[in-house]
Amino acid sequence: MSLVISPITQQNNEEICKIIKAVGEEFGAIGEGFGPSDPEVLAMSEYYTLEKQSLYLVATVDGKIVGGCGIAPFNGSIDTCELKKLFLLPQGRGLGLGRQLSEQCLQFATQQGFQQCYLDTLSIMTSAVTLYEKLGFSHLEEPMAGTEHNGCDVWMIKPL
């Protein structure tokens with residue numbers, strides 16, 4: 001089995017869009033207030049660029065895209081970034097890809113000088129919540145001011 005993680009390219013946009021929407025639907029993250037409805041999902045490579053201090057990584061298994069994960073400044077902050085849109089198709093789960101994607105994004109954030117990383121997710125995404133806890137994220141009582149995802153019910157933060 002060949003696992004490859006690489007930065008998103010324009011050629012990946014359509015496939016990643018489909019994956020984010022499909023996995024979002026699987027977990028009930030549909031409509032306003034959820035990541036799969038964000039405008040950036042339609043053209044991720046345009047939103048995640050070095051100029052914007054952001055990165056979106058795509059994971060492939062045996063040459064087929066199975067998901068991805070991104071990191072970007074939180075609401076324009078220079079100190080706080082956000083781990084975003086970690087979505088994996090069922091065939092990409094259980095392979096350690098979520099951890100690898102997240103760790104590479106967090107490493108990038110540290111290199112960019114961010115001091116802390118925020119994320120929001122759904123409690124139904126138990127594997128993701130467990131992963132974030134193992135990566136050193138701690139739970140917050142409420143979302144950070146300025147979050148776009150009012151449909152989420154889990155909010156976490158990690159010092160970098």
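**Figure 1. Glu103 and Arg99 sit four residues apart in helix H3, a separation of about one helical turn.** The model shown here and in the other views is predicted. The two side chains form a salt bridge with an N to O distance of 3.0 Å. Glu103 is partly exposed, at 35% relative accessibility, and Arg99 is likewise partly exposed, with a relative accessible area of 32%.

**Figure 2. A salt bridge links Glu40 to Lys85 (3.0 Å, N to O).** Glu40 belongs to the loop between H1 and helix H2 (44-47), whereas Lys85 is part of strand E4, so the contact ties together parts that are 45 residues apart in sequence. Glu40 is buried, with a relative accessible area of 10%; Lys85 is also buried, at 7%.

**Figure 3. Glu14 pairs with Lys18 within helix H1 (residues 13-26).** The closest N and O atoms of this salt bridge are 3.6 Å apart. The two residues are separated by four positions, about one turn of the helix. Glu14 is exposed, with a relative accessible area of 56%, while Lys18 is partly exposed at 47%. Over the whole structure, six salt bridges are found.

**Figure 4. Strand E5 (residues 116-121) pairs with strands E4 and E7.** Strand E4 (residues 80-88) runs parallel to E5 and is joined to it by three bridges, with Glu82 opposite Tyr118. Strand E7 (residues 154-159) is antiparallel to E5, with six bridges between them; here Leu119 stands opposite Met156. Five of the six residues of E5 are buried, so the strand is largely enclosed by the rest of the structure.

**Figure 5. The largest pocket has a volume of about 440 Å³.** It is lined by 20 residues, of which Leu88, Arg93, Gly98, Ser127 and Ala128 are the closest to its centre. E4, H3 and helix H4 (126-134) each give two or more residues to this lining, and H4 contributes the most, with five. The lining comprises 11 nonpolar, six polar and three charged residues.

**Figure 6. The second largest pocket holds about 330 Å³ of space.** Among its 18 lining residues, Glu40, Ala72, Pro73, Lys84 and Glu148 are the closest to the centre. Strand E3 (64-73) and E4 are the elements that supply two or more lining residues. By class, the lining has six nonpolar, six polar and six charged residues.

Conventions. Residues are numbered from 1 along each chain as its sequence is written. This is a predicted model: local features need pLDDT of at least 70, side-chain atom pairs count only at pLDDT 80 or more; totals for chains, interfaces and linings use all residues. Side-chain values use heavy atoms; hydrogens and water are left out. Buried means under 20% relative accessible area, exposed over 50%, partly exposed in between (1.4 Å probe, protein chains only). Two strands pair if DSSP finds at least two bridges between them. On a 1 Å grid over the protein atoms alone, a cavity is a set of points where a 1.4 Å probe fits but cannot get out, and a pocket is an open set with protein on both sides within 12 Å along at least five of seven lines; lining residues have an atom within 4 Å of a point. Grid points are joined across faces, edges and corners, and a volume is the space filled by probe spheres set on the points. Ala, Val, Leu, Ile, Met, Phe, Trp, Tyr, Cys and Pro count as nonpolar, Asp, Glu, Lys and Arg as charged, and the others, Gly among them, as polar. A salt bridge is a side-chain nitrogen of Lys or Arg within 4 Å of a carboxyl oxygen of Asp or Glu.
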